[in-house]
Structures are given as structure tokens and as C-alpha cells.
Amino acid sequence: MKDMAMDMDMGMGMGMDMGMEMGMAILCISGEVGKLVCFYDAKSFVREGPAQMSLAELEPALTFCNFLVYGYAGIDAETYKIKSLDPTLTHDRQHYRHITDLRKKYPHVRFLLSVGGDQDMDSEGVADSGKYLRLLEQPEHRKSFQASVLQELNSNGFDGLDLSWQFPKNKPKVQQGVFKRVWGSFRGFFSSTSVDEKAQEHREQFAALLGELKSDLRRSGQLLTVSMLPHVSAELFIDVPTVLGHVDFVNLGTYDFQTPERDPKVADLPAPLYEMYDRNPNHNVQYQVQYWLNQTSQISAHKLHVGVASYGRAWNMTRNSGITGYPPIPATNGAAPAGRQTVIPGLLSWPETCELLQQQPKDRDVPHLRKVGDPTKRFGIYAYRAADDKGENGLWVGYEDPTTAAIKAEFVQSRGLGGVAFHDLSLDDFRGQCAGEKFPIMRSIKFKL
Ligand SMILES: *[C@@H]1O[C@H](CO)[C@@H](O)[C@H](O)[C@H]1NC(C)=O
Ligand SMILES: *[C@@H]1O[C@H](CO)[C@@H](O)[C@H](O)[C@H]1NC(C)=O
């Protein structure tokens, strides 16, 4: 089986016979595909203003989600115990409990608590991968973590643990002038030790941690899952067959390949489905999925979930960015101004993008964005407004909408993968401001699964 999976070219060249073989494999495991994993960023509960999502506003999503992943908990740097990142919310205001109590109304949903997710910061406000590595290194740290996890899950009514482990990320490519692209040198990049010289050890220790957690959690019927963060290299940190053996599923970090934070000077499609010409060959959904499939048998494909974002990534276009909008866009000037609701620079929730697309010139002193679709269904869509004569008001956003998200869900179906991991509910249109329907992107995914 393993050899067969290795030989299978899951890409464009898939022949009829292979398609039928796959179809049979899918039939055998049909109970385990078509899953929708919904990430819930708890910060959305305490955001100021219109981006705040109440429990009542969250609820309609739960009809559709198979899993709700609560993001995020952290790790204590001294004791290596799991800790709340907002104790006032989770303990004093009982927010963990209020979430898991939704099980009474939505008994089909399993509630997971996720650790990490780039939200566990050090004192400088930077996602702290150091303590995540130190925890792995010592068996007694792992034990401390494990015991605290069981305690935290049980006392708050969670059905399991998700590890959105804060491994160190691949460094962004150094910009050497916008179009001097040297992708050739990327091929050997991931085997380099520049990100973590002890990667090999950490890879073994992470697998060991999962093995240890698994036996405890299984005993109490609880789930263990892993969510890869974008730009964390599976090549470096994940022993794929062992990890897949220990967990219920893995959510792949197949989004945010390009962001204004990593690539302030070049705007590009954040999460293409297939490889684009003259781009990093690893920065697309297909490559990431294929990497995992290559390391295991097709039968484990149902444990792989494709990450799909609900938001867009937005850059400022300058006068030197041209007027065509055709990516990659040179000479951008970092993150575009924050949207009116979420107030996060460089990020636009779906209702915020939708509003910018619809906005009439009379509403504001700048024209609305021009949308450019993707008839090939392979790379994704964007919208833009070139900079004006003064070099101002230029904006470029690459985003998902209900149509592109459905294309990714179809990809998941056609490959016999387990489902979609949706990031996240609070950045979908949970009030139905755009077209009247609540959670349109999430629904569109579910409809295809
Ligand atoms: C998967 O395996 C095939 C066949 O060995 C290889 O050509 C391809 O490059 C591999 N893809 C990835 C993403 O590892
Ligand atoms: C981006 O453009 C807006 C005006 O459209 C401007 O207010 C903002 O300062 C610009 N951001 C950067 C990083 O230059």
C-alpha cells in the first residue's frame, strides 16, 4: 500500500485507473471523510466593536461543524503546564465552560482545546517557540504538561487536545530586489539547520510527546490532534508516519503562504491550490498535501485536513506597484490599513473585503476594489485598487470567498482527504452583512464535503 501511494502521482497526471482505485479507498473509509473542523479564536469574544462575536452569534455555525477548536491556550515557561492565555475570560468568566456547554444543544460537535497557534507570546510580544522546544527536550517537562492537560480538559469539559505547536518557522526569503527571484536555491532550504539546529531531536521528542499523550487521552475517550502552523516545516519537525499513527487527525497549515508580515514588499496570492509559475514550489496546498501523502499510505489520507482561511491578506500598493494588479505585485508598502471591524492591519475579514468590493464611490472618497477572479480554479482570487496620482490609497488583497473555499473543499473530496480545517469562524461573515447569509464561507465548504 505504501509503495502504491508513493507511486501515485496525485497531481494533474492522474489516470482513470488510479481514480477508480482511489474511489474504492474512499468508499472503505467513508465514515471518516467530509469533516469540518472549525477554529474558534476566543479573542473574537473580547474584541471591541462590531468584530466581537457573541456566543449567540457563534451558535448557528455549530449546526455545520464536526469539531470546534478553541484557540488558544499556552504553556507556562517555568512549570511547562498548560495555561490559559486569558485567565479572566476562561476562568473568572467561565468562557471555556460556556463553550463546552454548547454540547448540550449540539451533541454532534466535539470540543477541542488548542495549545499554541502563534498566540502564546514572550514578554516582547513575539510567538515564543523556545519554551515549546524546551518542553519537548525533558521527559519531566513533558510529564508535567501531560498531567496539566488532562486536568485542564476534564475540569472544563473538553473532548480532546489540539497541538498547534509553536515550532520555529522557516525564515522569509531575503528580498533581493523585487524580481530577482532565486527559487532554485529553495530546493535545499528545508534540510538546512538554520531554523533549528536540534530539529532532528525535536522531531523525535515531539513524536514521543504525542505517544505519551495519546495513551492517556485514549483511556478517557478523548481526542488528540495536531495543527501545523503555516511555515512550520514538516520536513524538519514531523515524523509523519509516527505522528499520523498517534493522532486522530492533522490539520495542515495550507494558508498564509504569503502575508504582508513576511513579505512586506511583494503582494501575492496567500494560498494557491496549485504551484504557480516562478514561485516557491512549496507554497501551495497541493505540495503540502502531497508531502504528507508521500510519507504514508493512502489509507491515512482521511486523517489529513486542508486548512482554509476565511480572511484576506492585504498590502498597500505604491505608485511603483503598477496598475495591472496582476500578482506578484512589486514595491508594495507593507500591511494595508486595518479593516473597520477587526482593526488588524493587513488582514481583512470576509465581510470587510465584501464591503470594499461593493462600496460605491459616493460612500467614500476612494473607488471600490476591482475583483479579479480565477477561471482556472487553481490559484485563488484577488481584488485591488492601484495607487492614485499622489501614490496613495493603493490596496491589494488576496482572499477566499464562498466560491474559492468550495473549490478547496472539492479538492479535499477528490483526494480522499479527511476534511477541511477552517480558520476561523469569527472572520467569516457571522452576521450575514455581505449577502444576508450567516457564515457563507463555512457553509459553502460544508456543502461540498
Ligand atoms: C512525492 O513523491 C513523488 C514520487 O516519488 C515525487 O515525485 C514528488 O516530488 C513527491 N512530492 C512531495 C511533495 O514530496
Ligand atoms: C497604507 O496606505 C494608507 C492609505 O491608503 C496609509 O494611511 C498607510 O499609512 C499606509 N501604510 C504604510 C505602511 O505605509
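Me: In strand 8, which residue is the bridge partner of Asn251?

Reply: Two strands pair if DSSP finds at least two bridges between them. In this predicted model, the bridge partner of Asn251 in strand 8 is His305. Strand 7 (residues 249-252) and strand 8 (residues 304-309) run parallel and are joined by three bridges. Helices (H or I, at least four residues) and strands (E, at least two) are DSSP runs, numbered from the N terminus.

Me: How does the chain cross from strand 7 to strand 8?

Reply: A crossover is right-handed if, with the strands pointing away from the viewer, the path from the first strand over the helix to the second runs clockwise. Here the path leads from strand 7 through helix 12 (residues 285-294) to strand 8, and this β-α-β crossover is right-handed.

Me: Which residue in strand 7 is the bridge partner of Ser227?

Reply: Ser227 has Asn251 as its bridge partner in strand 7. Strand 6 (residues 223-227) pairs with strand 7 in the parallel sense, over three bridges.

Me: With which residues is Leu252 in contact, leaving aside its neighbours within four places in sequence?

Reply: Contact means heavy atoms within 4.5 Å. With those neighbours left aside, Leu252 is in contact with Met228, Gln288, Val289, Trp292, Leu304, His305, Val306 and Gly307. Leu252 and Val289 are 37 residues apart in sequence, while their C-alpha atoms are 7.7 Å apart in space.

Me: At what angle do the axes of helix 8 and helix 9 cross?

Reply: Axes are lines fitted to C-alpha atoms, for helices over the stretch in contact, and angles run from 0 to 180 degrees between N-to-C directions. The axes of helix 8 (residues 139-156) and helix 9 (residues 199-219) cross at roughly 40 degrees and come within 11 Å. Helix 8 contributes Arg142, Phe145, Gln146, Leu150 and Leu153 to the contact, and helix 9 contributes Gln205, Ala208, Leu209, Glu212, Leu213, Asp216 and Leu217.

Me: Which peptide bonds are cis?

Reply: One cis peptide bond joins Gly71 and Tyr72, with omega about 0 degrees; Tyr72 belongs to strand 2 (residues 67-75). Another joins Pro327 and Pro328, where omega is also about 0 degrees. Pro328 is located in the loop between strand 9 (312-317) and strand 10 (347-348).

Me: What is phi of His231?

Reply: For His231, a residue other than glycine, phi has a positive value near 70 degrees. His231 lies in the loop between strand 6 and helix 10 (234-237) and is buried, with a relative accessible area of 11%.

Me: How many helices and strands are there in the protein chain, and how are its residues numbered?

Reply: The protein chain has 15 helices and 14 strands, and buried residues make up 57% of its 449 residues. Residues are numbered from 1 along each chain as its sequence is written, with chains lettered from A and ligands numbered from 1 in the order in which they are written. In this predicted model, local features need pLDDT of at least 70, side-chain atom pairs count only at pLDDT 80 or more, and totals for chains, interfaces and linings use all residues, while side-chain values use heavy atoms, with hydrogens and water left out.

Notes:
Buried < 20%, exposed > 50% of the residue type's maximum accessible area, 1.4 Å probe, protein only.
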